[in-house]
Amino acid sequence: MINWDKFNNFEFSNSHRAYLDALTSSAPDTEPPTAPSSVSVVSKSSTSVNLSWTASTDNVGVTGYTVYYGTQSMNVSGTSAAITGLSPDTSYVFTIKARDAKGNLSTASAPLTVKTEPAGTVDQTPPTAPGNLQVTAKTANSATLSWTASTDNVGVTGYTVSYGAASLNVTGTTATVTGLTANTSYTFTVTAKDAAGNVSPGAAVSVTTDAQGGAQAWAPNVSYKVGDEVTYGGKTYTCRQPHTSLTGWEPPNVPALWLLK
Ligand SMILES: [Ca+2]
Ligand SMILES: [Ca+2]
């Protein structure tokens, strides 16, 4: 085998030394990842705690995390965990370790103590308002909205898009509203809600739908401009020169005026 890397001063090998070492059985990866840091509570209820943390690093790569609490543990692949089945009004100490593909475990994160809410606690805190509400697309009859997620002390369960007397419920952070009237101004208000029915303040955006598009049937005595599209005999034509149409100037008869699409 020719080692092409040596013609490049071993640049690849040198910059990927740790990775290459881990691929060979003569140099197994024995180096554990760094400990997860900045463990924090995203939300909690009487029976659940949602945690997130800052990713660990590893000489080869972190493959997952284990969350420890009491005598229990839970494996996750990302930097967050939703721990459920907890007892109300109880303090839990959470620690987290990272692991790599060889099963090397990091030392534990700094412990975080979280007390679940008392049983029967009614959530009275509404989610935050949706952020950065935008119209990302529109047609004559529809508008597509997107926004950034709201947060809640327990959890956001969905969003309501209201416009006029109508509304639409979605669970994600986008919505396509259909059945709109062409060339009409609409104001959309988006609110977030939680499982207890608390509703956030609204975010609003206004948009005017597009004019009704599409080719119209060719007709005589119409002033056409370049680019206008018409249908005739089941085919669509594009206007090549501005003109006022006359009977006898049907599109298939006057290729100088109409280009078949
Ligand atoms: Ca490692
Ligand atoms: Ca809430």
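Residues are classed by relative accessible area as buried (under 20%), exposed (over 50%) or partly exposed in between, with a 1.4 Å probe and protein chains only. The structure is a predicted model, in which local features need pLDDT of at least 70, side-chain atom pairs count only at pLDDT 80 or more, and totals for chains, interfaces and linings use all residues. Side-chain values use heavy atoms, with hydrogens and water left out, and residues are numbered from 1 along each chain as its sequence is written.

Side chains of opposite charge can pair when their charged atoms come close. With a salt bridge defined as a side-chain nitrogen of Lys or Arg within 4 Å of a carboxyl oxygen of Asp or Glu, the structure holds 4 salt bridges. Strands (E) are DSSP runs of at least two residues, numbered from the N terminus.

One of these salt bridges joins Asp 89 to Lys 115, at an N to O distance of 3.6 Å. Because Asp 89 lies in the loop between strands E5 (80-83) and E6 (91-100) and Lys 115 in strand E7 (residues 112-115), the pair ties together parts 26 residues apart in sequence. Asp 89 is partly exposed at 44%, and Lys 115 is partly exposed at 43%.

A salt bridge also links Lys 138 and Asp 210, whose closest N and O atoms are 3.5 Å apart. Lys 138 belongs to strand E8 (residues 131-138) and Asp 210 to the loop between strands E14 (203-208) and E15 (216-217), so parts 72 residues apart in sequence are tied together. Asp 210 is partly exposed, with a relative accessible area of 28%.

Glu 229 and Lys 261 likewise form a salt bridge, at 2.9 Å from N to O.

How values were computed:
Chains lettered and ligands numbered in written order. Helix = DSSP H or I, 4+ residues; strand = E, 2+ residues; numbered from the N terminus.
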